[in-house]
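Please examine the structure shown below.

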Amino acid sequence: MLTTLTTSYTDTRAADLAWALGREPLPALATLDLELAGAKLQMRLLGASHQVLLEEERGGCSETVACIPGSSTPLPLGVAKRVGDWEYEFAARVEFLPPGSFAGRAQELLALVSDHPQGLAGVFPGSPYAFTAMLAQRREGQVHWRTWHAYPQDGQLVATRTRVGVRVPAPAAETGQGPAPIAAETGQGPAPIATQTGQGPAPIAAR
């Protein structure tokens, strides 16, 4: 779903974004409610970026990435923690693009999200490339979402990815090592959500 947001563009630069867990719902300019195999997910576009509210039988989780007045938690490159019965993983990166490349990337992302039944994108007045976009799905018992925050005046695109799931016992071949958390991703910089082929619905495209 693609919408034009009826507000001024309040995000000024990627460095102003902050991350928070557990915040109450903030005023939203647009929302999309999804049912993902028993999980209720609400994606919310804010005047200052995004919020995701997840509710399931075992509990809930709230993620906010926005310009939050008074927040002392800048946008982290990565987070892995327990939230009640949940295993929560978050990663973010900032891309720097020249004007021509930025326009093409923005158009590509907006087309991807606006045509997806589980996608929500909002364009801010003043520039067709000033937007926040979100895409979600459930796969292998985990809920995944990705977001993109575009800052055309600086040529910056902030991309985030989140995985939330319940800790489950390891497969039989891996017994003796305790419960297996959501797999840690190693290497340099945040890795995209792994693409799996030939099994069920197509995963969110890695961007």
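Two strands pair if DSSP finds at least two bridges between them. The strands themselves (E, at least two residues), like helices (H or I, at least four residues), are DSSP runs numbered from the N terminus. By this rule, strand 4 and strand 5 pair in the antiparallel sense over 7 bridges.

Some conventions come first. This is a predicted model in which local features need pLDDT of at least 70 and side-chain atom pairs count only at pLDDT 80 or more, while totals for chains, interfaces and linings use all residues. Residues are numbered from 1 along each chain as its sequence is written, and side-chain values use heavy atoms, with hydrogens and water left out.

The protein contains 1 helix and 12 strands. Read from the N terminus, its elements follow the order β-β-β-β-β-β-β-β-α-β-β-β-β. Of its 207 residues, 44% count as buried; buried means under 20% relative accessible area, exposed means over 50%, and partly exposed lies in between (1.4 Å probe, protein chains only). The accessible surface comes to about 10000 Å², and 54% of it belongs to carbon and sulfur atoms. Such areas come from the Shrake-Rupley method with a 1.4 Å probe, and for residues only the protein chains shown count as cover. A contact means heavy atoms within 4.5 Å. Among the contacts in the protein with a separation of 6 or more, 57% are between residues 24 or more positions apart.

In what order do the 5 strands of the open sheet stand? The order is 2-6-5-4-3, and the pairing is antiparallel. Strand 2 (18–21) and strand 3 (30–36) each have a single partner strand, so one side of each is left without a neighbour in the sheet. From one strand to the next, the twist averages 10 degrees; the axes are lines fitted to C-alpha atoms, for helices over the stretch in contact, and angles run from 0 to 180 degrees between N-to-C directions.

Strand 5 can now be followed on both of its sides. Strand 4 and strand 5 form a hairpin with 2 residues between them, and Gln42 stands opposite Leu53 in strand 5. A second hairpin, also through 2 residues, joins strand 5 to strand 6. Strand 5 (residues 49–56) and strand 6 (residues 59–66) pair in the antiparallel sense over 8 bridges. Here Ser49 stands opposite Ala66, and Val52 stands opposite Glu63. Strand 5 is mostly covered, with 7 of its 8 residues buried.

Aromatic rings provide another view. Rings of Phe, Tyr and Trp (its six-membered ring) pair if their centres lie within 6.5 Å; planes under 30 degrees apart count as stacked, over 60 as edge-to-face and the rest as tilted. The structure holds 2 aromatic pairs. In one, Trp19 and Tyr88 are 6.3 Å apart, centre to centre, with 40 degrees between the planes, and the pair is tilted. This pair links distant parts of the chain, since Trp19 lies in strand 2 and Tyr88 in strand 8 (residues 86–96), 69 residues apart. Both Trp19 and Tyr88 are buried. Why is the pair of Trp19 and Phe90 tilted? The ring centres of Trp19 and Phe90 are 6.1 Å apart and the planes stand at 35 degrees, so the pair counts as tilted.

In soluble globular proteins, nonpolar side chains tend to be buried together. A nonpolar core is a set of buried Ala, Val, Leu, Ile, Met, Phe, Trp, Tyr and Cys residues joined through side-chain atoms within 4.5 Å. The largest such core has 31 residues, of which Leu41, Met43, Leu54 and Trp145 touch the most other members. Among the strands that each supply at least two residues of this core are strand 4 (39–46), strand 10 (131–139) and strand 12 (156–166). Leaving aside residues up to four places away in sequence, Trp145 touches residues including Leu41, Val52, Leu54, Glu63 and Val164. A second, separate core of 14 residues includes Phe102, Leu110, Val113 and Trp148.

One residue may close the account. Ala150 lies in strand 11 (residues 142–151). Is Ala150 buried or exposed? Ala150 counts as buried because its relative accessibility is 1%. Ala150 and Glu95 are 55 residues apart in sequence and 9.6 Å apart in space, C-alpha to C-alpha.
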